[in-house]
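Work through the exercises below with the coordinates open. Each task is followed by a solution in steps.

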Amino acid sequence: MLFDTHAHYDSKQFDRDRDTVLAGLPEQGISLVLNPGCDLPSSRKAVELAQRYPFVYAAVGVHPEDCGEWEDGCLIELRALAANRKVRAIGEIGLDYYWKENPPRALQQNVFRRQMELAQSLHLPVIVHDREAHGDCLDIVRAYPKVTGVFHCFSGSAEMARELVDRGWMVSFTGVLTYPNARRAVEAAQAVPLERIMIETDSPYMAPVPCRGKRCDSSLVIHTCRRLAEIKEVSPEECARITLENGKRFFGISQI
């Protein structure tokens, strides 16, 4: 059984068949799914989906690409949403310097810090998005030693992965791990213990080989699991078991 620790079923790409896809996941070996929000509407939707499906959990947060309208009132609603028992993290938060049209870096950093402060006050972990912003992300993580979390879709170096693990953090890998040119991701996966790794799809994005280019859903996390098992030299079954337990422990989930 598998835990897809990061999937966006609130996304419009699932508008036509969201319930069909979600209802069919347990039969495809998916025990648990964590759906993070990227802004207030998607955070509300993530909580709604978590309430409807017993195997779905939620995180709430404002993504760096979506922080342009940030105001302090956002924290009030995020705090209220986080009070729901199915909400297990603050996220997806972080920094994204890849797209030039993204909100200014200073604003992204401020919003990231405010949400780290929220997580600290609520004693919740965080789910961090880091794209082309490794140094600044680490600087903010270092500023909040009481907060732990996961760098999802990890794209940093092996050295960065080791530092995060030393700080009590997790790293998570998507279908990128299956791509032929994924040397950096493979090196990072090799560098840290399997007990500190989670797996995800980032659905509807990042479909793994052999489904690259198609819409992704949680059933495809098996391909990332198999590739990670090869890298760590364990059986796919053992990899699935360990990453499931890692995700349950990280998000404080006792079921299954």
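A salt bridge is a side-chain nitrogen of Lys or Arg within 4 Å of a carboxyl oxygen of Asp or Glu. The model used here is a predicted one.

**Exercise 1.** Describe the salt bridges of Glu 230 with Arg 227 and of Arg 167 with Glu 163.

Solution. 
- Step 1. The side chains of Glu 230 and Arg 227 meet at 3.1 Å, N to O.
- Step 2. Glu 230 and Arg 227 are separated by about one helical turn, because they are 3 residues apart in helix H8 (residues 221-232).
- Step 3. Exposed means over 50% relative accessible area. Glu 230 is at 55% and so counts as exposed, whereas Arg 227, at 27%, is partly exposed.
- Step 4. For Arg 167 and Glu 163, the closest N and O atoms are 3.1 Å apart. Arg 167 has a relative accessible area of 38%, so it is partly exposed.
- Step 5. A search of the whole structure gives 16 salt bridges.

**Exercise 2.** How do H2 and H3 pack, and which residues make the contact?

Solution. 
- Step 1. The axes of helix H2 (residues 40-52) and H3 are 11 Å apart, at an angle of about 5°.
- Step 2. Angles under 35 degrees count as roughly parallel, so H2 and H3 are roughly parallel to each other.
- Step 3. H2 contributes Leu 40, Ser 43, Arg 44 and Val 47 to the contact, and H3 contributes Cys 74, Glu 77, Leu 78 and Leu 81.
- Step 4. Sorted by class, the contact of H2 with H3 has 5 nonpolar, 1 polar and 2 charged residues.

**Exercise 3.** Is Ala 82 buried or exposed, and what does it touch?

Solution. 
- Step 1. Ala 82 lies in helix H3 (residues 73-82).
- Step 2. Its relative accessibility is 13%, so Ala 82 counts as buried.
- Step 3. Leaving out residues up to four places away in sequence, Ala 82 touches Val 60, Val 87, Ile 90, Leu 122 and Leu 124.
- Step 4. Leu 124 is 42 residues from Ala 82 along the chain, and their C-alpha atoms are separated by 9.0 Å.

**Exercise 4.** Which residues have the most contacts inside the largest nonpolar core?

Solution. 
- Step 1. The largest nonpolar core has 77 residues. Those with the most contacts inside it are Tyr 9, Ile 90, Met 116, Val 126, Phe 151, Phe 154 and Phe 173.
- Step 2. Beyond four places in sequence, the residues touched by Val 126 include Ile 90, Met 116, Trp 169 and Phe 250.

How values were computed: Residues numbered from 1 in each chain as written. Predicted model: local features only at pLDDT ≥ 70, side-chain atom pairs only at ≥ 80, totals over all residues. Heavy atoms only, no water. Helix = DSSP H or I, 4+ residues; strand = E, 2+ residues; numbered from the N terminus. Buried < 20%, exposed > 50% of the residue type's maximum accessible area, 1.4 Å probe, protein only. Contact = heavy atoms within 4.5 Å. Core = buried A, V, L, I, M, F, W, Y, C linked by side-chain atoms within 4.5 Å. Axes fitted to C-alpha atoms, helices over the stretch in contact; angles between N-to-C directions. Parallel < 35°, antiparallel > 145°, perpendicular 65-115°, else oblique. Nonpolar A, V, L, I, M, F, W, Y, C, P; charged D, E, K, R; others polar.
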